[in-house]
Amino acid sequence: MPEHTPTNRSRVLGTETEFGIAAKDNSSADPVTGSIAVIGHYTGLPAPGAIWDYEHENPLLDARGFVVDGERDCPNPDYNRQLNKVLANGGRLYVDGAHPEYSTPECSTAREVVAFERAGERILAQSLREMARVRGGEQYVLYKNNSDGKGNSYGYHENYLVSRAVPFGTIARVLTPFLVTRPIFAGAGKVGAENQTTPAEYQISQRADFFECLLDLNTMVKRPIINTRDEPHAEHAKFRRLHVIVGDANMAEVSTYLKVGTLDIVLELLEAGAELPSVELDEPVRVFKQVSRDLDMKETLKLAGGRPTTALAIQRAYLNAAVSFYAANGLDPSTQDILRRWETVLDTLDRDPRLLVQQLDWVAKRHMIESYMDRKGCGWDDPRIKLMDLQYHDVRPDRGLFYTLERGEHIERIVEEAEIQRAELTPPPGTRAYFRGRCASKFAKALYGASWTSVLFDVGNATIKKVPLMDPHRGTQALTGGLLDTVDSVDALIEKLKA
């Protein structure tokens, strides 16, 4: 693809990963207590006593213009501290439902998301190691996956800041066919089927079996392809936070990179009013499950009106729209790299998906399992195969099968080791996460709490000072780095901010 004058793309991106948790001893405490214990053993916390500020959070707001009945989160301060940990990298480690969960800080590029997700895997692995050291043995195992194989699914959610000028109905219409077919390069792979869906020996997506409608606010029951939550964690009049819940939690960096990077590109085209594919699927929920079972990429998908297409054809239509847009408007090197990889992966999937064994999760896992079955002479119904499916996602570096592939250099990398190490304790420079993370580390003793939209300081005399962060594009290193380098107290920081 030809190079052009770079565009100025600065979308705010981030992901949330609920980790599967399994007790090694059936007599161990319940998953909620276990999850609280796990995150409480992470030793890299700058301010372990900080709370999470829920003031500007309301997950009951629906993008279709109404508020759903329900109770908002507002735990008492002591329980709040157990459930929430503010990280030095500007992210959040917490307990959601019955799972440990890690949210990356707000990132600016797909590459940053990859690095900060990998840092999250290591944070949880460190927590397990420390917990085992303190308690004299392992009590829990954590998996970066989306299903326990027993009918229970847990989430992996992507978040994209979008201009509120784009109508939500347009977002839903344009993204539905894109998201339904995206698993062909972003699926994590799965043995069997769940949720009373059509039987399958192996499928591409871990999540597809659990989606039951097109639009809804729910994330745990009656899961929708398009989630309608309208909780921007920013100025409501300016921004939407597109909350994407259909994606798998990936281990392979290429899958994560393309999953986030391609959607970022499609959203840029949407905001620019560019021409995008006009595709309407017949029964998108059914098609989602069909795509997940199409290991050879050859099945015909039915469009509204009866015309046939394929998952590859739909993805190529979005790719071609992006190529045309950037040919006229210019592109930066990172966008160019995503477009190049997107095109290469689609072409290779068309030839033979097995050729992507070093890039995509679902292909790598399938190859590993089928090689084992050939050696052992067993089939997909063998209990050991279900176990391998889980072990691929084990966050323990010495036990996870994905990490075995990685150590053997059988999986392509996107980020360098130094980027992951830096991402554990250093916030990204291009968003408000920089200010949050730096404050958590530099003023740890005075940090009362934080949220996506605020940092709270205890300045003494029972007084809490809040620094608002409603604009995700402010609080960056460029805007606040020099200030944070020069002040030596919270009082000095607040005075400087006033000035």
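## Starting at one edge of a sheet

Let's begin with two neighbouring strands: β6 and β7 (residues 92-96) pair in the antiparallel sense, over 3 bridges. In this pairing, V86 sits opposite R92 of β7. Keep in mind as you look around that this is a predicted model.

## The six-stranded sheet

β6 and β7 belong to an open sheet of 6 strands, which follow the order β6-β7-β8-β1-β10-β15 with antiparallel pairing. The edges are taken by β6 (84-86) and β15 (239-244); each has a single partner strand, so one side of each has no neighbour in the sheet. On average, neighbouring strands here are turned by 20 degrees against each other, if direction is ignored. As a reminder, strands of a sheet pair through backbone hydrogen bonds, either parallel or antiparallel.

## A second, mixed sheet

Now turn to an open sheet of 4 strands, ordered β3-β18-β19-β20, in which the pairing is mixed. Its edge strands are β3 (51-52) and β20 (464-468), and each of them pairs on one side only. β3 pairs with β18 (residues 447-451) in the parallel sense over 2 bridges, and W52 has A450 of β18 as its bridge partner.

Helix α14 (residues 433-442) packs on this sheet and touches β18, β19 (454-458) and β20. The direction of α14 makes about 20 degrees with that of β19.

Helix α6 (residues 253-272) packs against helix α9 (residues 333-351) at an angle of about 115 degrees, and their axes are 10 Å apart. That angle makes α6 roughly perpendicular to α9. The crossing of α6 past α9 is left-handed.

Residues in the contact include V254, Y257 and L258 from α6, along with I338, L339 and W342 from α9. Sorted by class, the contact has 9 nonpolar, 4 polar and 2 charged residues.

## Aromatic pairs

How many aromatic pairs does a search of the whole structure find? The search finds 9. One of them joins F178 and Y318: the ring centres are 5.3 Å apart and the planes lie at 65 degrees, so the pair is edge-to-face.

This pair links distant parts of the chain, with F178 in helix α4 (residues 168-181) and Y318 in helix α8 (residues 311-329), 140 residues apart.

Definitions and conventions
Residues numbered from 1 in each chain as written. Predicted model: local features only at pLDDT ≥ 70, side-chain atom pairs only at ≥ 80, totals over all residues. Heavy atoms only, no water. Axes fitted to C-alpha atoms, helices over the stretch in contact; angles between N-to-C directions. Parallel < 35°, antiparallel > 145°, perpendicular 65-115°, else oblique. Left-handed = near helix turned anticlockwise from the far one by under 90°. Contact = heavy atoms within 4.5 Å. Nonpolar A, V, L, I, M, F, W, Y, C, P; charged D, E, K, R; others polar. Pairing = 2+ DSSP bridges. Phe/Tyr/Trp six-rings, centres within 6.5 Å; stacked < 30°, edge-to-face > 60°.
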